[in-house]
Amino acid sequence: APDGGMLRGVKQPKEIFVLDTETGGLDPLTHSILSVGIVNADGSKQLEFYVKEDDIVTNPRSMKVNRIDLDVVQAEGLSPVEACERLDAFIEEIGGASGLMMVGHNIAFDIAFLRRLYHLAGRMIPDVFCHRTVDTHTLMFALVAQGKLPGHIRGSDSAFAHFNVSPPSELRHTALGDAVATRDLVVKLIELVG
């Protein structure tokens with residue numbers, strides 16, 4: 001359930017949103033962005049959609065992880081232009097581009113694929129997607145170094161399990177499922193920092 005008070009360690013929680021992408025591979029210069037999930041700070045507003053690039057490029061390993069059905073992407077996916085418009089509208093709905101801060105796990109990865117998406121749409125990526133960010137992986141690394149987290153916590157799987165915030169198995173490695181779990185993870189990490 002949404003709980004705006006859970007992010008009490010953050011000065012302005014309404015200005016945070018969590019992003020996750022699912023992709024056809026690890027290289028944003030080559031592989032396609034397949035889905036995007038975003039959730040606002042209190043979890044009350046969520047967005048998820050598929051992206052249908054003209055030429056979808058994937059690798060088998062990534063597709064095994066994300067389990068995305070490319071026939072569904074073809075049938076339901078938004079064009080890059082439509083996807084960027086949907087992202088712009090959602091950002092406006094949750095508070096506009098001014099002052100929003102993006103959070104994610106290995107957020108540079110997601111930003112690189114958003115750059116690909118906006119490039120395919122013939123647009124520059126808005127500052128809101130790269131100007132101010134928080135990376136949960138970096139927060140975890142610092143907390144492990146300080147002895148506030150066990151050393152085995154290296155990635156999202158171990159962090160989600162440690163804090164019991166894992167999405168249901170059918171939603172793991174979906175863009176929205178991982179965005180919601182990352183939002184819950186941020187809450188737990190902030191509590192440890194305090």
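Colleague: What is the average pLDDT of the protein chain?

Modeller: This is a predicted model, and its protein chain averages a pLDDT of 89, with 92% of the residues scoring at least 70. Over residues 1-12, however, the pLDDT is below 50, although this stretch has 18 contacts in the model beyond near neighbours in sequence.

Colleague: Okay, on to α4: which of its residues are buried?

Modeller: The buried residues of α4 are I107, D110, I111, F113, L114, R116, L117 and Y118, and what covers them includes the strands β1, β2, β4 and β5 as well as helix α3.

Colleague: And what comes after α4?

Modeller: α4 is followed by G122, which has a positive phi, near 75°.

Colleague: Switching topic, how many aromatic pairs does a search of the whole structure find?

Modeller: The search finds three. In one of them, the rings of F109 and F113 have their centres 4.9 Å apart and their planes at 50°, so this pair is tilted.

Colleague: Is F109 buried or partly exposed?

Modeller: F109 counts as partly exposed because its relative accessibility is 28%, whereas F113, at 0%, counts as buried. Another pair joins Y118 and F129, with ring centres 6.0 Å apart and planes at 45°, so that pair is tilted.

Colleague: Where do Y118 and F129 lie?

Modeller: Y118 lies in helix α4 and F129 in the loop between α4 and β5, so the pair ties together parts that are eleven residues apart in sequence. Together with F17, Y118 and F129 form one aromatic cluster.

Conventions: Residues are numbered from 1 along each chain as its sequence is written. This is a predicted model: local features need pLDDT of at least 70, side-chain atom pairs count only at pLDDT 80 or more; totals for chains, interfaces and linings use all residues. Side-chain values use heavy atoms; hydrogens and water are left out. pLDDT is the predictor's confidence in each residue, from 0 to 100. Contact means heavy atoms within 4.5 Å. Buried means under 20% relative accessible area, exposed over 50%, partly exposed in between (1.4 Å probe, protein chains only). Helices (H or I, at least four residues) and strands (E, at least two) are DSSP runs, numbered from the N terminus. Rings of Phe, Tyr and Trp (its six-membered ring) pair if their centres lie within 6.5 Å; planes under 30 degrees apart count as stacked, over 60 as edge-to-face and the rest as tilted.
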